[in-house]
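Please open the model in your viewer, with the sequence panel beside it, and follow the selections below in order.

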Amino acid sequence: MQPLVQMPSAADIQQSHALIQPYIHRTPVLTCQSINTISGAQLFFKCENFQKIGAFKMRGASNAALRLDETARQKGLATHSSGNHAQAVAKIAQALGVPAHIVMPENAPSVKREATAGYGANIVLCEATQAARESTLAQVLAETGATFIHPYDDYNVIAGQATAALELIQEVADLDAIISPIGGGGLMSGTALSTRYFSPNTKIYGAEPEQVNDAWLSFKSGVRTPHQGLPSIADGLLTNLSERTFDIIKTYLSDVFTVTEAEIVAAMQLVYERMKIVVEPSCVVPLAAVLKNGDVFAGKKVGIILTGGNVDVRGLPF
């Protein structure tokens, strides 16, 4: 199966879903009556925190790796990532028996760094800046000949991430809305495409922290605009959109919402207390947005992608 070089079609997403089946879990969709009551909506949580490596990133990394020819694959896989994508590339490389070279910022959460090393990856630390990530990765690629699997700016990755929403739509009919968190936009783009293709009457929303609101700024202005780089507890959402992901987001989304750090923590605590599952801050940003925007979601059937559960439980913010 050839790598994708243009925006994924419905057939591309379905083919990707079939291709990655041996390497992923079909994660459950959970509901919670008490959170429904609090939100005033019917919420259906696609639990990618139960995915292999604990996050949806396994889908996109697997699709990108499996679409490489054997010669390229044997030279290894490489990426830069603060955590979940790093683990996904390391895990699929381990499954395929090829090397993985992961550039990680020195401030990456220890739980994610340790898990990446546990999958056998060669970890190269760098300063916690985008420029340092890119320059360090360029050196790794030159030395190893490995293939760079971008965390989000890659149609193969986007098609893989789209399979989470595809499964949600297959399981829960007639959703009024689907909402996903936005970091670099790979999951959001894939979610938008799957929803557009397979549930065209469902509205598509995105959510991100106020502290890193590039998607909100870009969506409202129509021009891709970077955020100011403020810190956020949602460490998986600190990247800016790419041209590829923004093109899809501005075309298909109905709106983008932002939430405060306190609202993220409150939503995270609510999931722990009411659903009894482990989630990381980034993945509850859509729930926080639903709770904040009751006028939009009241009485609606809403799908929420819970993106991951890789959190250091020794340092919970509540």
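Begin by selecting Asp255, which sits in strand β9, residues 255–259; helices (H or I, at least four residues) and strands (E, at least two) are DSSP runs, numbered from the N terminus. This is a predicted model, in which local features need pLDDT of at least 70 and side-chain atom pairs count only at pLDDT 80 or more, while totals for chains, interfaces and linings use all residues. Residues are numbered from 1 along each chain as its sequence is written, and side-chain values use heavy atoms, with hydrogens and water left out.

Is Asp255 buried or exposed? With a relative accessible area of 19%, Asp255 is buried, where buried means under 20% relative accessible area, exposed over 50% and partly exposed in between (1.4 Å probe, protein chains only). Now show the side chain of Lys220, which makes a polar contact with the side chain of Asp255 at 2.8 Å; such a contact is a pair of N or O atoms within 3.5 Å, and within protein one must be able to donate a hydrogen and the other to accept it, with residues adjacent in sequence counting only if both atoms are side-chain atoms. Leaving aside residues up to four places away in sequence, Asp255 touches Ile204, Tyr205, Gly206, Phe219 and Lys220, contact meaning heavy atoms within 4.5 Å.

Next, select Leu43, Phe45, Ile179, Val279, Val302 and Ile304, the residues with the most contacts inside the largest nonpolar core, which has 35 residues. A nonpolar core is a set of buried Ala, Val, Leu, Ile, Met, Phe, Trp, Tyr and Cys residues joined through side-chain atoms within 4.5 Å. Among the elements that give two or more residues to this core are β2 (42–47), β9 and α12 (261–275), and the largest share, seven residues, comes from α12. A second, separate core of 27 residues includes Ala61, Val89, Val98 and Ile149.

Tyr272 and Phe318 form an edge-to-face pair, 5.3 Å centre to centre with 70° between the planes. Tyr272 lies in helix α12 and Phe318 in the segment after β10, so the pair ties together parts that are 46 residues apart in sequence. Tyr272 is buried at 16% relative accessible area, whereas Phe318, at 37%, counts as partly exposed. Finally, select Tyr205, Phe257 and Phe297, which ring pairs link into a cluster.

Technical notes
Phe/Tyr/Trp six-rings, centres within 6.5 Å; stacked < 30°, edge-to-face > 60°.
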